[in-house]
Amino acid sequence: MALAASGLSAAASQLHLLPDAQPQCVFAGDARKINVVWHNAGDRTVDETIHLRMIQTTSATAVLLAEADWKELETLPHQTILESAQLDFPAVKAETKFLIQWLADTNQILGTTEVLVYPTNLLAELKPLIKGTRIGVYDPQDELKPLLKNLPVDFDDLEKSGLTNFSGKLAMLGPFTSRTQMPDGFAKEVKALAKKNVSVVWFQAASGPNEKPTPSFYSVTENTNSIIVVQPALVSDLSENPQAQRNLIYFCRLALEPQPLALPELTTQP
């Protein structure tokens, strides 16, 4: 029996979880998708039941929230496979770090996934930025309006009322799937809107294959107001992607409170 147990342990030790370059980000709620990449570094096939532990952490504490079997995983020698797990995360009031430990035989840790969990009302952070005014939204893809309807934020549909009639402090234009969704003279209307003391965040359509490369985002000044031009990849999958919503909030804040560009801060090497 001892030899058999040793063999199982050796097989499991061949299997490990490849670390993520960055923490994964999800909203609180049920069945959130977490990606995991497994690698069998050995010369034998590994057939192992994988367990998981979910731990919620703060700067001072770590609380075990759940422990369960995940699935039986078979990996061939030197094989790398991509899997996903559907996990339930509790409601949180702010960004909260969770650790998912992946184990063999309930005690041998094969790797850890760091997950940042966000509240589902993340875009409520827009409210203090606009200081009681309304947001203008030009949203042909209907991505922003459903999110804003569930928040304490008033907005005008600029597709119906027009850009020239808007008088709030902030307008969000897009995302667009193509430039054909923008009517003729749209850029002139955007410039006129900024000259009326409106800060603008303009989410562009994706560039064509033969177009010149452009920055992921940049700022254009009209009078003293900013137009922040943003490439669509930075706000993709808004309803399910917390990072996309965080990016949107950042660009809105940058439009309302412009900051000069600066070189990146580099950590001093010892």
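Buried residues account for 42% of the 270 residues in the protein chain. The model is predicted. Its secondary structure amounts to six helices and 14 strands. The radius of gyration of the protein chain is 24 Å, whereas a compact globule of 270 residues would have one near 18 Å.

**Overall dimensions and contacts**

- The C-alpha trace of the protein chain extends over about 80 × 45 × 40 Å along its principal axes.
- Of the contacts in the protein chain between residues at least 6 apart in sequence, 67% link residues at least 24 apart.

**Surface and charge**

**Strand β4 and Arg 53**

- Strand β4 covers residues 46-57 and includes Arg 53.
- The side chain of Arg 53 makes a polar contact of 3.1 Å with the side chain of Glu 67.
- Beyond its neighbours within four places in sequence, Arg 53 is in contact with Leu 64, Ala 66, Glu 67, Leu 99, Ile 100, Gln 101, Leu 103 and Thr 106.
- Arg 53 and Phe 27 are separated by 26 residues in sequence, and their C-alpha atoms are 19 Å apart in space.

**Strand β7 and Ala 104**

- Ala 104 belongs to strand β7, which comprises residues 96-104.
- Ala 104 has a relative accessibility of 0% and therefore counts as buried, the cut-off for this class being under 20%.
- The C-alpha atoms of Ala 104 and Ile 50 are 5.3 Å apart, although 54 residues separate the two along the chain.

- The peptide bond between Gly 174 and Pro 175 is cis, with omega at about 5 degrees.
- Asn 197 is located in the loop between α5 and β12.
- The phi angle of Asn 197 is near 70 degrees, a positive value in a residue other than glycine.

**Strand β12 and Ser 199**

- Strand β12 spans residues 199-203 and contains Ser 199.
- Ser 199 counts as buried because its relative accessible area is 6%, with the limit for burial set at under 20%.
- A polar atom of the Ser 199 side chain lies 3.1 Å from the backbone oxygen of Ala 255.
- With residues up to four places away in sequence left out, Ser 199 touches Lys 169, Leu 170, Ala 171, Asn 225, Ser 226, Ala 255 and Leu 256.

**The loop between β14 and α6**

- Asp 237 is situated in the loop that lies between β14 (225-230) and α6 (242-256).
- The phi angle of Asp 237 is near 55 degrees, which is a positive value in a residue other than glycine.
- Asp 237 is classed as partly exposed because its relative accessibility is 45%, and this class lies between the limits of 20% and 50%.

Note on methods:
Residues are numbered from 1 along each chain as its sequence is written. Side-chain values use heavy atoms; hydrogens and water are left out. Helices (H or I, at least four residues) and strands (E, at least two) are DSSP runs, numbered from the N terminus. The radius of gyration is taken over C-alpha atoms; the globule rule is 2.2 Å times the number of residues to the power 0.38. Buried means under 20% relative accessible area, exposed over 50%, partly exposed in between (1.4 Å probe, protein chains only). Contact means heavy atoms within 4.5 Å. A polar contact is a pair of N or O atoms within 3.5 Å; within protein, one must be able to donate a hydrogen and the other to accept it, and residues adjacent in sequence count only if both atoms are side-chain atoms.
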